[in-house]
Amino acid sequence: MSSYPVKKPTQEATGTSQKIRITLSSRKVQALEKACKDLVGRAKEQKVRVKGPMRMPTKTLRITTMKSPCGEGTITFDRFEMRVHKRVIDLFAPSELVKKLTAINIEPGVDVELTVADA
């Protein structure tokens, strides 16, 4: 009676898959994008459901210091800035498969954080 096709049970419906959130952060955008591309590419080869990479807001850390160490002379300041870029990738897969996916070489300077939750 319904015009919608019947969905076949997948491994997600059987309860064996878990939701894994991978958070990548770095000061270098190119290294971060390369790591995201490698992770998503490997996940799609294994036919894992992937959401992301989702771009989180860039954190800008600013420090303003006086140039003169003693306080004498002209009052001039140096402004330093560090930007931290962040990406989030969600995977829906069994934990054994995630171990295979995350066994990649990631450039130095890219921090990876894994969070596992039941889907």
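Trainee: What percentage of the residues in the chain do buried residues make up?

Mentor: Of the 119 residues in the chain, 25% are buried. Keep in mind that this is a predicted model.

Trainee: Which elements does the chain have, and how do they run from the N terminus on?

Mentor: There are 2 helices and 4 strands, and their order is β-α-β-β-α-β.

Trainee: What is the mean pLDDT of the chain?

Mentor: The mean is 86, with 88% of the residues at 70 or more. Where pLDDT is low, the predicted coordinates should not be read in detail.

Trainee: Let's turn to single residues. Why is D90 called buried?

Mentor: The relative accessible area of D90 is 4%. D90 is found in strand β3.

Trainee: What makes the pairing of D90 with R21 a polar contact?

Mentor: The two side chains meet at 2.8 Å, and the cut-off for such a pair of N or O atoms is 3.5 Å. The distance is therefore within the limit. D90 also touches K19, I20, R49, V50, K51 and M54, among the residues beyond four places away in sequence.

Trainee: K51 is in that list. Why is K51 called partly exposed?

Mentor: K51 has a relative accessible area of 44%. Buried would need under 20% and exposed over 50%, so K51 falls in between. K51 lies in strand β2 (residues 49–66) and touches V88, I89, D90 and F92, not counting residues up to four places away in sequence.

Trainee: How far apart are K51 and R21 in sequence and in space?

Mentor: They are 30 residues apart in sequence, and their C-alpha atoms are 9.5 Å apart.

Trainee: Is R83 buried, exposed or partly exposed, and what makes it so?

Mentor: R83 is partly exposed, because its relative accessible area is 45% and the class runs between 20% and 50%. R83 is in strand β3. The side chain of R83 makes a polar contact with the side chain of E81 at 2.9 Å.

Trainee: Which residues does R83 touch beyond four places away in sequence?

Mentor: R83 touches S26, R27, T58, K59 and T60. For T60, the C-alpha distance to R83 is 4.5 Å, at a separation of 23 residues in sequence.

Trainee: What share of the contacts in the chain with a separation of 6 or more comes from residues 24 or more positions apart?

Mentor: That share is 77%.

Trainee: Which residues line the largest cavity, and how do they divide?

Mentor: The lining consists of A31, K34, A35, D38, N105, I106 and E107. These divide into 3 nonpolar, 1 polar and 3 charged.

Conventions: Residues numbered from 1 in each chain as written. Predicted model: local features only at pLDDT ≥ 70, side-chain atom pairs only at ≥ 80, totals over all residues. Heavy atoms only, no water. 1 Å grid on protein atoms, 1.4 Å probe; cavity = no way out; pocket = protein on both sides within 12 Å on 5 of 7 lines; lining within 4 Å. Nonpolar A, V, L, I, M, F, W, Y, C, P; charged D, E, K, R; others polar. pLDDT = per-residue confidence, 0-100. Buried < 20%, exposed > 50% of the residue type's maximum accessible area, 1.4 Å probe, protein only. Contact = heavy atoms within 4.5 Å. Polar contact = N/O pair within 3.5 Å; in protein donor to acceptor, adjacent residues only side chain to side chain.
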